[in-house]
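Here are a few notes to read alongside the picture. Take them one at a time and keep the viewer open.

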Amino acid sequence: MWKSSLRIVKPRDLAEALELISAGGKPVAGGTDLFVRLRKGVESPQFLVYIGELSELRVLEEKEEGLVIGAAVTHAELLSSPLTEKFPILRLALRTIGSPAIQAMGTIGGNVVNASPAGDSLVPLYLLEAKVQLCGPEGERELPISDFILGPGKTALRPGELVRSVFLPFLDGSPYPYFRKVGRRRALVIAVASLGALIWTEGGRVKKARLALGSVAPTVIRPKEVEEALVGRPIDPEAWRDLVPLLSSATKPISDLRASADYRRKVAGSLLLDLAQSLQNRR
Amino acid sequence: MLLRFRLNGRPVEVDVPPGRRLLDLLREDLGLTGTKEGCGEGECGACTVLVDGKPRLSCLTAAIQVEGKEVLTIEGLAKDGKLHPLQKAFIETAGVQCGFCTPGFIMAAYALLLVNPKPTRQEVREWLSGNLCRCTGYEQIVEAVLRAAEELSR
Ligand SMILES: Cc1cc2nc3c(=O)[nH]c(=O)nc-3n(C[C@H](O)[C@H](O)[C@H](O)COP(=O)(O)OP(=O)(O)OC[C@H]3O[C@@H](n4cnc5c(N)ncnc54)[C@H](O)[C@@H]3O)c2cc1C
Ligand code: FES
Ligand code: FES
């Protein structure tokens, strides 16, 4: 149990939240990560600032170039909003997060700042080349997701800053979306490895490919060599088989309690072939 | 802080530290011991309650997060001395053995039926995947939810 004496304050608006955070408060939104860490005693912040209901962080709004998702929007809200229909890859990945309760509590902002190599919203955000929009005492700024995430639990967030929203630019065309995570238990698995992809095809061949791998390196990675090598290939697992070693060499897995580095590399390779197969099987 | 929210349909006002866990607020301060603590870390679902109609783990919720909201616990399901169809179905199918996990399962199932009144067997299984039971082997629980869904939609 975390201490009942733990101070939590609920600011009226974003400006007050930023002041409290500059004064040493730690933000909490859904609490699905932070409260677990407090319980385990790995963190002991001075006090918490509850940002989960701030209207500025609860926006979900379509703009001309894309979708703005407020940091405190929950996974469940994203899954049920018609606004995410244009981003099927986001839905495929979010659907695999925890349990319905975790989806109803956890937020996209919390998932991003957590910067876990296994963070399931991160794979689609890397694929969609999302921008993280920050606000802080010095104003607002924006970073591509791949520059925002620096390592496990490490981000480019400066002291006093909050993630305000995540921006998803619309894609050209409708690429085939793929997401699969391999783990040990269906609901609450933090993945052993995951692969997400967006594949544009033309005349039975790959026209363009974006791939993102989770849990096989300190951050989610885009294996650019494989993406490039896929261009022009027929949609047939046999024609992709020689890329498995290339994909494996792009990974930098760690061994931990959940899986060995070698196993993670193998899983990543078979996911690539599974992607080819599911692309071939589609209507 | 003076915390105001609605609990099982009635307004409540309690003086509580804002960082108190909802689970402790319910069990210790308000005497509603139906909600259980299994793991305390979000992994077992025993502490599931509904907040504004959505499932929430009370072990990972601070009191301040339910300010002004509607909280529903297992104690709020029976009406006029009659069990809720979910409660009845759990008893009939032997979905309850030691019973420790039952309130969490019933609240999670209740949340499912709010958004999907006629779930398939597979949908029930998937939805309940965040709830653990050491006794029943789950099949009776899934059966109970399907039965209750049928009764409720009659
Ligand atoms: C049982 C269980 C299963 C889980 N399963 C999965 C899973 O399958 N996949 C997955 O990806 N994750 C999983 N998680 C992790 C977690 O639920 C998600 O990462 C969730 O998105 C975190 O969001 P939150 O709002 O609850 O974060 P919080 O716990 O509120 O915050 C997390 C961190 O982010 C910071 N923070 C939050 N919002 C902001 C903001 N706007 N600006 C700056 N900092 C901020 C907090 O200070 C804290 O350090 C699981 C967790 C549990 C307990
Ligand atoms: S006690 Fe809350 S999920 Fe286990
Ligand atoms: S009935 Fe005993 S844990 Fe489920």
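Where does Leu83(B) lie?

1. Leu83(B) sits in the loop between β5 (70-72) and α2 (85-92) of chain B. Helices (H or I, at least four residues) and strands (E, at least two) are DSSP runs, numbered from the N terminus. This is a predicted model: local features need pLDDT of at least 70, side-chain atom pairs count only at pLDDT 80 or more, and totals for chains, interfaces and linings use all residues. Residues are numbered from 1 along each chain as its sequence is written, chains are lettered from A and ligands numbered from 1 in the order in which they are written, and side-chain values use heavy atoms, leaving out hydrogens and water.

2. Leu83(B) has a relative accessible area of 40%, so it counts as partly exposed (buried is under 20%, exposed over 50%, partly exposed in between; 1.4 Å probe, protein chains only).

3. Now look at helix α1 (residues 22-29) of chain B: Leu22(B), Leu23(B), Asp24(B), Leu25(B) and Leu26(B) are buried there. These buried residues pack against β1 (2-7), β2 (10-15) and β3 (48-51) of chain B. After α1(B) comes Gly31(B), with a positive phi near 70°.

4. Over in chain A, 22 residues of domain 2 are in contact with 24 residues of domain 3 (contact means heavy atoms within 4.5 Å). The domain assignment puts domain 2 at 55-169 and domain 3 at 176-282; such bounds come from an automatic or database assignment.
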